[in-house]
Amino acid sequence: MRLSVLDQSPIRKDGTPADAVAETIALAKASEALGYHRYWVAEHHNSNSFAGSCPEILIARLAAETKTMRVGSGGVMLSHYSPLKVAEQFRMLEVLAPGRIDLGLGRAPGSDQRTAQALQAGPQAWGIDAFPSQLMLLRQFLDDASGTPFPDDHPYRSIHAMPRGPGRPQMWMLGSGLHGAVYAAELGLPFSHAHFISPDGSEEACAAYRHRFKPSSWCERPLISMGVAALVAETEEEARRLSASRNLWVVRLLTGQPIPFPSPDEALGYDFTESELSMLRTVEARSTVGTPQTVRAKLLDIAERHGAEELVVVTITYDYASRLRSYELLAEAFGRR
């Protein structure tokens with residue numbers, strides 16, 4: 001079972017976005033030493049909780065700070081951008097770190113509606129129905145750059161994503177439901193399911209992906225990874241204490257009151273309303289929390305039920321030391337150290 005990392009560059013209360021970015025760089029270097037397979041950074045905009053607004057820039061720094069681990073996006077929200085520009089960004093990354101770059105793609109906005117409008121390059125945004133066309137065009141630009149040209153009658157045949165050259169990033173389709181699974185299957189791409197966002201219907205989505213999968217030069221057979229939330233500590237009690245920070249943050253987000261990540265003491269002292277307590281139970285069910293062997297068993301069960309070959313683990317704690325320790329303990333539990 002491959003183990004990988006998804007890092008959203010969380011901003012803690014009394015911390016700064018610069019602290020969050022510095023911790024992302026430090027965690028990437030540590031993850032490589034711990035034997036994690038790949039390291040993905042997320043895209044969020046206008047957020048006081050996450051510092052990662054431009055994964056394509058952060059990936060370049062992470063690739064320079066590591067030597068063998070794959071690094072990439074989890075993911076680029078393609079609906080905001082020109083497929084040519086994204087192709088060029090990731091072609092450049094591939095030149096800088098050959099054979100180590102992943103291009104994970106999502107169709108969610110990664111922001112609120114007003115922020116999504118502000119991200120528009122012109123007076124009219126891409127409609128969500130244009131996403132499959134954007135995805136296809138991006139793939140064609142990357143194919144062309146690595147030696148497979150556009151068809152002779154294609155209007156963009158003479159336009160190339162630079163710098164051209166051999167190799168190409170590994171493209172993944174991200175999704176938390178059926179749409180992403182279908183896009184991945186129809187285009188012959190690997191699929192990463194965001195189980196930590198929406199576990200409901202996840203098995204059906206993965207089954208649909210395998211059933212509808214069409215082999216391509218990008219991926220010869222169905223390939224599934226699961227994005228999972230996990231937190232590991234030496235004791236069950238300590239793991240539960242640390243998880244209170246993220247749980248309160250999610251509840252506040254769901255009630256339209258987002259905050260930076262609070263300390264465990266603040267989270268444990270929070271006076272939840274009845275409706276918030278109901279949300280809290282749902283939030284807790286989306287995450288795997290506990291001792292190393294307990295978490296390992298639960299994650300392997302998730303992977304087996306979905307036919308996944310890889311677990312992409314997101315761990316958020318108030319302080320960096322406990323987050324790093326969680327990844328260390330998980331790597332030990334899976335025999336990576």
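At 1% relative accessibility, Gln134 counts as buried, where buried denotes under 20% relative accessible area, exposed over 50%, and partly exposed the range in between (1.4 Å probe, protein chains only). Gln134 belongs to helix α5; helices (H or I, at least four residues) and strands (E, at least two) are DSSP runs numbered from the N terminus. Between Gln134 and Ser82 the sequence separation is 52 residues, while their C-alpha atoms are 7.8 Å apart in space. The model is predicted: local features need pLDDT of at least 70, side-chain atom pairs count only at pLDDT 80 or more, and totals for chains, interfaces and linings use all residues. Residues are numbered from 1 along each chain as its sequence is written, and side-chain values use heavy atoms, with hydrogens and water left out.

A second pair concerns Arg114 and Glu94, which are 20 residues apart in sequence and 33 Å apart in space, C-alpha to C-alpha. Arg114 sits in helix α4 (residues 113-118) and is exposed, its relative accessibility being 68%.

Side chains of opposite charge can pair when their charged atoms come close. A salt bridge is taken here as a side-chain nitrogen of Lys or Arg within 4 Å of a carboxyl oxygen of Asp or Glu. By this rule the structure has 19 salt bridges. In one of them, Arg168 pairs with Asp143, with 2.5 Å between the closest N and O atoms. This pair links distant parts of the chain, since Asp143 is in helix α5 and Arg168 is in the loop between α5 (131-145) and β5 (170-175), 25 residues apart. Asp143 is buried, with a relative accessible area of 14%, whereas Arg168 is partly exposed at 25%.

Another salt bridge joins the side chains of Arg70 and Asp102 at 2.7 Å, N to O. Here too distant parts of the chain are linked: Arg70 is in strand β3 (residues 70-77) and Asp102 in strand β4 (residues 101-106), 32 residues apart. Arg70 and Asp102 are both buried.

Glu234 and Arg325 form a further salt bridge, their closest N and O atoms being 2.9 Å apart. Glu234 lies in the loop between β7 (224-232) and α8 (236-254), and Arg325 lies in helix α12 (residues 320-333), so the contact ties together parts that are 91 residues apart in sequence. Glu234 is partly exposed, with a relative accessible area of 48%, and Arg325 is likewise partly exposed at 29% relative accessibility. Through shared partners, salt bridges also join Arg38, Arg70, Asp102 and Glu310 into one network.

The backbone has several local features. In strand β3, which contains Gly75, the peptide bond from Gly74 to Gly75 is cis, with omega near 5 degrees. A cis peptide bond also joins Met162 and Pro163, with omega about 0 degrees; Pro163 is in the loop between α5 and β5. Asp14, although not a glycine, has a positive phi of about 75 degrees. Asp14 is in the loop between β1 (2-7) and α1 (17-34) and is exposed, with a relative accessible area of 72%. Asn46, also not a glycine, has a positive phi of about 50 degrees. Asn46 is in the loop between β2 (38-41) and α2 (55-65), and at 66% relative accessibility Asn46 is exposed.

Rolling a probe the size of a water molecule over the atoms shows where empty space is left. On a 1 Å grid over the protein atoms alone, a cavity is a set of points where a 1.4 Å probe fits but cannot get out, and lining residues have an atom within 4 Å of a point. The structure holds 1 cavity of 30 Å³ or more. The largest cavity has a volume of about 40 Å³, the volume being the space filled by probe spheres set on the points, which are joined across faces, edges and corners. Its lining comprises Pro10, Arg12, Glu23, Thr317, Tyr318, Asp319, Tyr320 and Arg323. These lining residues divide into 3 nonpolar, 1 polar and 4 charged, with Ala, Val, Leu, Ile, Met, Phe, Trp, Tyr, Cys and Pro counted as nonpolar, Asp, Glu, Lys and Arg as charged, and the others, Gly among them, as polar.

Notes
On a 1 Å grid over the protein atoms alone, a cavity is a set of points where a 1.4 Å probe fits but cannot get out, and a pocket is an open set with protein on both sides within 12 Å along at least five of seven lines; lining residues have an atom within 4 Å of a point.
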